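Work through the exercises below with the sequence and the model at hand. Each task is followed by a solution in steps.

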Amino acid sequence: MPSQAPSQAPSQPHTDSRRSWARLAITLAVASVGNAGIWVIIMILPAVQETYEISRSAAAIPYAATMAGFALGNLALGRAVDAFRVAPVLFFAALVVACGYFLAPRAGSVALLSVCQMLIGFGSSVCFGPLIADISHWFLRRRGVAVAITACGNYLAGAIWPFALRGVLDNQGWPMVYAAMAVITLLVLVPSAMGLRQRLPDTAKTQADSLARANRESGGLSPRVMQALLLVAGLACCMAMSMPQVHIVALCVDLGFGEVVGAEMLSLMLIGGVVSRFASGFLADRFGGVKTVMIGSVLQALALALYLPSTGMTGLYAVSLAFGLSQGGIVPSYAVIVREYLPAAEAGTRVGIVIVATIVGMAFGGWVAGWIYDQTGSYYLAFINGIGWNLLNLAVMLAILAGVRRRPDPSLTA
């Protein structure tokens, strides 16, 4: 009897299916609520400075603590998702986040507030890197789009909740904002965890692993070198990215526009980021993750440069939108690169490691921008500092592009 060639068909019912898209819808809802914790602290930064009578850089410490918890969580909870699946980890994280929201308004010092924010950041982390890693297993043909949509949840959280809760902030203060977010977190994340219990069969990952192995063998970079370069790239791009995202509200207060205008600019920036992330998914599916990061890096540098001459309200609105449209697709594209070149079984851990680097960049970059402001009384040199880090990111991505050649699987592009 003649032998038959092996078929890749068995994986198809599980990936890029209706079930995959339904899971993506739940994942987006989770990300749009769970990531709010890293944005509401930006919203209340001026209130924190006034409440505790501290400097701008000191007021940014709770944000830095949030991002430190977010970084630690992406690594630790990413490993947990690899080991135990996403549903139980998400349930645990929802309780941690709600606890942080409840305790934060009761903190009697900036140090205790920072501890509470670290809890919020740690729990919120499962809604970024670990969710991205999980959804990447459920798609082959449209993996870039799926990863980008999941990553959009992070920006949707920043665009929706500061805007939706600004009336509460103005009328009842930031403690009531945190109380509302504690309730919303539990109402959305706990039921959603039940909806993500299904496990993807291991056989469905075979095709993706074969492609990643072929990409590694066709390039000149080992997994260790690739991981190291992605760490540097992630740190550099987010050192640059943090300046507008962390300090736009404070900048608007300094210019006399007020906190509400600053919150609107942040929301506009993040809405632009949602569009950028969605578009980056199509670019990643067409050109690969490396080139997609490069495109975003060039555009982000240009947008940062546009902030330098902008001091009017209309100009800042326009530049904030341009910045959001430029940079949103950079971070999720690192996850695409990981899935293109590194083993699927380690996706949660390796994506988490890269996300840690981006978060360290956001946290440290936000503090550095505040320190520069304290030393100079202006954000001008802080923007210059961001542009320099952005150029480093672009140089690293050029090095990666020179060291690898992406070789798509014909069965995925036919």
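The exercises cover confidence, cavities and helix packing.

This is a predicted model, in which local features need pLDDT of at least 70 and side-chain atom pairs count only at pLDDT 80 or more, while totals for chains, interfaces and linings use all residues. Residues are numbered from 1 along each chain as its sequence is written, and side-chain values use heavy atoms, with hydrogens and water left out.

**Exercise 1. Confidence**

Find where in the chain confidence is lowest and where it is highest.

Solution. Start with pLDDT, the predictor's confidence in each residue, from 0 to 100. The chain has a mean pLDDT of 82, and 89% of its residues reach 70 or more. Next, go by element; helices are DSSP runs (H or I, at least four residues), numbered from the N terminus. Helix α20 (residues 410-413) is lowest, with a mean of 38, and helix α6 (residues 86-103) is highest, at 92.

**Exercise 2. Cavities**

Determine how many cavities of 30 Å³ or more the structure holds, and describe the lining of the largest cavity.

Solution. On a 1 Å grid over the protein atoms alone, a cavity is a set of points where a 1.4 Å probe fits but cannot get out, and lining residues have an atom within 4 Å of a point. Grid points are joined across faces, edges and corners, and a volume is the space filled by probe spheres set on the points.

- Count: there are three such cavities.
- Largest cavity: its volume is about 180 Å³. Among its 18 lining residues, Ile-38, Met-67, Asn-154, Arg-277 and Met-362 lie nearest the centre. Two or more lining residues come from each of α2 (37-43), α5 (61-84), α9 (143-164), α13 (223-254) and α18 (347-376). The largest share, four residues, belongs to α18.
- The lining then has 14 nonpolar, three polar and one charged.
- Second largest cavity: the volume is about 60 Å³. Its lining residues include Met-43, Arg-166, Asp-170 and Glu-259, and α10 (166-172) and α14 (259-287) each supply at least two. Five are nonpolar, none polar and three charged.

**Exercise 3. Helix α9 and its partners**

Describe how α9 packs with α1 and with α17.

Solution. Axes are lines fitted to C-alpha atoms, for helices over the stretch in contact, and angles run from 0 to 180 degrees between N-to-C directions. A crossing is right-handed if the near helix is turned clockwise from the far one by less than a right angle, and left-handed if anticlockwise.

1. α1 (residues 18-34) packs on α9 at about 35°, with axes 7 Å apart, and the crossing is right-handed.
2. α1 contributes residues including Leu-24 and Leu-28, and α9 residues including Ile-149 and Trp-161. This contact has 10 nonpolar, five polar and no charged residues.
3. The axes of α9 and α17 (residues 330-341) come within 9 Å and cross at roughly 145°, again in a right-handed crossing.
4. Arg-143, Gly-144, Val-147 and Ala-151 of α9 meet Pro-332, Ala-335, Val-336 and Arg-339 of α17. These residues divide into five nonpolar, one polar and two charged.

Terms used:
1 Å grid on protein atoms, 1.4 Å probe; cavity = no way out; pocket = protein on both sides within 12 Å on 5 of 7 lines; lining within 4 Å. Nonpolar A, V, L, I, M, F, W, Y, C, P; charged D, E, K, R; others polar. Contact = heavy atoms within 4.5 Å.
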